[in-house]
Amino acid sequence: MPAKNHKQWLANPQLELGEWVDSRVYSDPRIFEDELNNIFKRVWIPVCHESELLNPYDFRTISIAREPIIVCRGPDNEVRAFLNVCPHRGMIIERRPSGSFLEGQPSGNPKRMTCMFHAWQYDLKGNCVYISREKEGYQDRLCKENVGLRRLRCEVKFGGFVWVSLDDNPVPLEEWCGKPFECLRKSLEAEPLEVFHYHKAIIPTNYKLWHDTNSEFYHDFMHYHNRVTGFNDAYFARKNEALEHGHVVVGTFEVNYDKYEGFESRAALSFPHLPPNQWYMIDLFPGMNFNLRGSALRCDVVTPLAADKVMIEFRGLGLKRDTAEERQTRVDHHNSIWGPFGRNLHEDLLGVTGQGATMLPGSEPRRILHGRHENQTIHDENGMRHYYNEWGKWMNRLPSDPEQPYLAPLPAAAAE
Amino acid sequence: MTGNGADVANVVRDTIYRATLLLDDQQWEQWLDLCDDSFHYAIKSFSPEINRDMTYFQGSHKDLATMVKLLPKHNTDHSPLRRHATVYAVGVAEDGKTASAITSFVVYQNLLDGVNSHIDAGESRLFLVGRYLDTLRLEHDRARFIKREVRLDNRRLDKGSHWPI
């Protein structure tokens, strides 16, 4: 068909329901607000790694769905999470991204979380242990035992990642994502891991477009590196496996890293139990990604900031026992394609930035195609179809017409 | 290299500034011509988030030569980068064979692609802030880079870059 007129352009594609989505799912601010409440406040998010909280009293601050959160390791070595909000007057308690409560603060004592504003202090279990001039101000009407922090569900699991949920009764974590982690559990849990890389990107695009990019490999045509190191029969046979709760696992194959000039095989530093140069990927609903390419693990976590704005945190991990030389090699392998100055990440971020430019709030709705069928192999778009079917259930919206309630797709279009 | 300490420091400064202009102009091979065969380049940053010193990129002279040769094979943000550098300190080793220098810089991205080039192209945005920590070999009347550590303050790097900084 030649280029289309406006009516033709807006018509539904000749595909089955579930094989395209309406671009308003990426651009409508009302839908975005629903996503924060219906999805992000109810699921498990891997907010950091236990190696970022190495010692008792170490802390990290993060946020989920605009709610500020503090994660800390107590003197009993337990990792706990709380809202980073003082119950007195709503001040954020800890302002730094990380640190240790072993040090005293201008307003408070060592080993306490102290709100600098009025010097209320909390222990590492979230109990309020000090209210300044408590009796003078509250007499017997309110006491520190009544004003603890808001505790959050928190678990350390699947290779030492710290998982937090704002929901007091989420699906149990093992039930939520144990199945997708089966392919990597032995590799990630054989011995302690350690974060060696952190950077973030704030990109003018919708968070789901980033997850889509991590879910579909058809875009490998954009990556010279992936074309020369990967495009062979084994690559095209990789399977996308759709799992419960909207998760997807991308099966492995052997990557020929040395086909890219200047790069090298990663076989000598494979993660435990991982055959040489294999590459597994786990895409977790609603926007987390675990990516193991032989010698280095990458984890992406999205924090949606607006319908057209997302923060992506990138972590790289190796084995805690690495020698300095081994660690540097893992770092180099990680950076070669995944670093902020690497070959692939820059290209991926250009891709989703370009999508964001065409799907701004208020932009004319259009159809975004997810209709490739290739026997659930690497260029099949069943991963995205599976994701948006799950998204529709959580949102009670039809991805292809988000003003309509959810309707299960026809079997042919659903994730197989 | 002959001359007094001030002359030597001027040669070092001049070499750093010439390298900055070549990087601005994406004259990668000419930039590498200012570097010794033993040159080592790294982009590093300290992350308070993970409480760790990080290497974002590193490579030898050969690695960099290969990388820049392959740049046309890759999709990239075409927005030029412009460095504003000031050499703050130059120190010459006692034996007069090497010098070290600390240069503060900011890198502006003059948008060409941006998000929507119709709107963004032509705008300059602050992209990076940091320091060059350089070591140069002094020989005859010139200085050649043997080591450059690009020390970034940024951990928020947005789209990142394919280019040496």
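Predicted model: local features only at pLDDT ≥ 70, side-chain atom pairs only at ≥ 80, totals over all residues.
## Extent of the interface

In this model, 36 residues of chain A are in contact with 35 residues of chain B. The size of an interface is often given as the accessible area lost when the parts come together. Here the area buried between chain A and chain B is about 3300 Å², and carbon and sulfur atoms give 58% of that area. Three residues, A:Phe341, A:Arg343 and A:His346, supply 23% of the area that chain A buries against chain B, more than any other three residues.

## Polar and charged pairs across the interface

Between chain A and chain B there are 23 residue pairs in polar contact, with both residues at pLDDT 80 or more. The elements of chain A that give two or more residues to the side touching chain B are strand 12 (193-203), helix 8 (224-230), helix 10 (324-338) and helix 11 (344-358). Of the side of chain A that touches chain B, strand 12 gives the most, with 10 residues. By residue class, this side divides into 17 nonpolar, 10 polar and 9 charged residues.

The rule finds 2 salt bridges across the interface of chain A and chain B. A salt bridge joins B:Arg52 to A:Glu194, with the closest N and O atoms 3.4 Å apart.

## Salt bridges within chain A

Over all chains, a search of the whole structure finds 43 salt bridges. One of them links the side chains of A:Asp401 and A:Arg24, at 3.5 Å from N to O. A:Asp401 lies in the segment after helix 12 (382-395) of chain A and A:Arg24 in helix 2 (residues 24-27), so this pair ties together parts that are 377 residues apart in sequence. Both partners are partly exposed: A:Asp401 has a relative accessible area of 27%, and A:Arg24 has a relative accessibility of 23%.

Helix 12 of chain A itself holds both A:Lys393 and A:Glu390, which are 3 residues apart, about one turn of the helix. These two residues form a salt bridge whose closest N and O atoms are 3.8 Å apart. A:Lys393 is partly exposed at 47% relative accessible area, whereas A:Glu390 is buried at 9%.

A further salt bridge, between A:Arg96 and A:Glu94, has its closest N and O atoms 2.8 Å apart. A:Arg96 is partly exposed, with 27% relative accessibility, while A:Glu94 is buried, with a relative accessible area of 8%.

## A salt-bridge network

A network of salt bridges links A:Asp28, A:Arg30, A:Asp34, A:Arg397 and A:Glu403.

Methods
Residues numbered from 1 in each chain as written. Chains lettered and ligands numbered in written order. Heavy atoms only, no water. Contact = heavy atoms within 4.5 Å. Buried area = accessible area lost by both parts, 1.4 Å probe. Salt bridge = Lys/Arg side-chain N within 4 Å of Asp/Glu carboxyl O. Polar contact = N/O pair within 3.5 Å; in protein donor to acceptor, adjacent residues only side chain to side chain. Helix = DSSP H or I, 4+ residues; strand = E, 2+ residues; numbered from the N terminus. Nonpolar A, V, L, I, M, F, W, Y, C, P; charged D, E, K, R; others polar. Buried < 20%, exposed > 50% of the residue type's maximum accessible area, 1.4 Å probe, protein only.
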